[in-house]
Each structure stands twice: as C-alpha cells, then as structure tokens.
Amino acid sequence: MADRSPAPDTPELRDRWGGFAFTETYKAKADEAIARYPDGRQKSAVMPLLDLAQRQVGEETDTQGWLPLPVIEYVAEYLDMPVIRVLEVATFYFMYNLKPVGKYHVQVCGTTPCMLRGSDALFETCKKRGMVKGHVSQDGLWTLTEVECMGNCATAPMAQINDDNYEDLTPERLDAVLDALAAGEQPKPGTQEPGRHTSEPSDGVTTLKEMVDANYDYRSEW
Ligand code: FES
C-alpha cells in the first residue's frame, strides 16, 4: 500500500504553490464540471476539480501531476468547502498523487491475478530501469507505484501509466512500452498480446462470433 499522507506543508511548498489558480482553460473545464450539478450542489464536482488541478500542476512541472496542500486548499475555496473535506477525498483515491511524481507514473498491479500471471517480473523490469517504489527516478521520467486490482484481471498482468492501461504484459513488452514513452512516442494502449483486441479469450472468441467484424443483431434468435 502506497503512502497516502500529503507532502509536508513547508515554506518552500507555500512559495511554489501558494499562488496556484486555474488557468483560463482549466477554469472553463472546472466551471463546466460544476454546472453539471444542481444549484447549491457544486461540492459534487470535487473529484473532477481535483483531477483538473492535478493535471494543471502536471503541465506546469512536466510530470503526471500531483496535489500540493495549497492546491487542495484552492480547490476547497473554489467549491466553498472545508479543506478537510477535500483532503479526505484526495487522500482516499489513488488517482490523486499526494507527492511529486515523474513524467510517467507507472502503476503496476500486484493483486493475485496479476501476481499469478507475472507481475513480480514486471516490478523487476521497473527496478532494472532505476525505479524505486514511491520515488521519482533520477532522470525524472518515472515513478513506480504498486496498486491493487485495476479491473483488467482478464488481461493480467497489467500496468496503468498516466491515463492508459497496458495489459498482457511480459517484461519484454513492458520494456518496449517504457522505451517508447521515454522516446516521446505514444505506445498503443490496451492488450499487448499479438492478435488480441480487448479481453476476448486469448485463443479467439468462442461466443457472439458474428460480432467480431461488425455489429450483429441477435434478437431474432432469442
Ligand atoms: S488483479 Fe490486476 S487488474 Fe485485477
């Protein structure tokens, strides 16, 4: 389980992030998220606003982004919420980073199905590239986190890297994904198993075969 405590509240942190405010682009997105809820229920937008704040911090730091305490306070003020309520949300959900991360946040699933399908070897692959769990690598590119089930058990083992999931991984396939990212390319997300499209059986579909290439209406057969 990764450490979910916020980064220490220091004068340096206040200096760097005390003046945080949404840019025009992010403010427009934040206001759009708030407008999805009825009047007086703007607090319901706390999750998208934290996500937007993290993304803006990411753009400013060329990383996946994180949530320094002054940024969490800014979101609380934006939504007229007590800071502790926003902090509770930020510390509960793994999608929010509470400490600085690298340009790519490599979250490898270590839960049983992924473990049985080889996640230990994926952690080893990351380790060989200088990644240490919970730390930013020396080149600033990577942060490694072990996470619990990400819902891709049918295509285990898997890793989520920033916004994309990479599945059916082997050490070689993970290396190829990481090499591509390091080179500034965007590897194809999803399964890395040749010939597999999503999470259908790895040796081909066994049901709903007419649906493979095009939509097919089975209703007349029911
Ligand atoms: S156990 Fe890894 S995605 Fe479910």
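## Model and conventions

This is a predicted model, in which local features need pLDDT of at least 70 and side-chain atom pairs count only at pLDDT 80 or more, while totals for chains, interfaces and linings use all residues. Residues are numbered from 1 along each chain as its sequence is written, and side-chain values use heavy atoms, with hydrogens and water left out.

## Overall layout

The protein chain holds eight helices and five strands, where helices (H or I, at least four residues) and strands (E, at least two) are DSSP runs numbered from the N terminus. Read from the N terminus on, the elements follow the order α-α-α-α-α-β-α-α-β-β-β-α-β.

Along the principal axes, the C-alpha atoms of the protein chain fill a box of roughly 60 × 50 × 30 Å. Of the 222 residues in the protein chain, 40% are buried, meaning under 20% relative accessible area with a 1.4 Å probe and protein chains only.

## The sheet

An open sheet of five strands has the order E2-E1-E3-E4-E5, with mixed pairing; two strands pair if DSSP finds at least two bridges between them. Strand E2 (142–147) and E5 stand at the edges with a single partner strand each, so one side of each is left without a neighbour in the sheet.

Within the sheet, E1 and E3 pair in the antiparallel sense over three bridges, and Val108 stands opposite Ala159 in E3. Strand E3 (residues 159–161) is also antiparallel to strand E4 (residues 164–167), again over three bridges, with Ile161 opposite Asp164 in E4. The hairpin of E3 and E4 has two residues between the strands, and Asn162 takes a positive phi near 50° there.

E4 and strand E5 (residues 190–191) run parallel and are joined by two bridges, and the bridge partner of Glu167 in E5 is Thr191.

## The second largest pocket

The second largest pocket has a volume of about 230 Å³, a volume being the space filled by probe spheres set on grid points that are joined across faces, edges and corners. On a 1 Å grid over the protein atoms alone, a pocket is an open set of points with protein on both sides within 12 Å along at least five of seven lines, a cavity is a set of points where a 1.4 Å probe fits but cannot get out, and lining residues have an atom within 4 Å of a point.

This second largest pocket is lined by 16 residues, of which Asp51, Gln54, Arg55, Gln64 and Asp163 lie nearest its centre. The elements that give two or more residues to this lining are helix H3 (46–61) and strand E1 (104–109).

Gln54 lies in helix H3 and is buried, with a relative accessible area of 3%. Leaving aside its neighbours within four places in sequence, Gln54 is in contact (heavy atoms within 4.5 Å) with residues including Gln64, Trp66, Met95 and Tyr96.

## The cavity

The count comes to one cavity of 30 Å³ or more, and the largest cavity has a volume of about 40 Å³. Its lining includes Cys109, Cys114, Cys149, Cys153 and Met158.

Notes. Buried means under 20% relative accessible area, exposed over 50%, partly exposed in between (1.4 Å probe, protein chains only).
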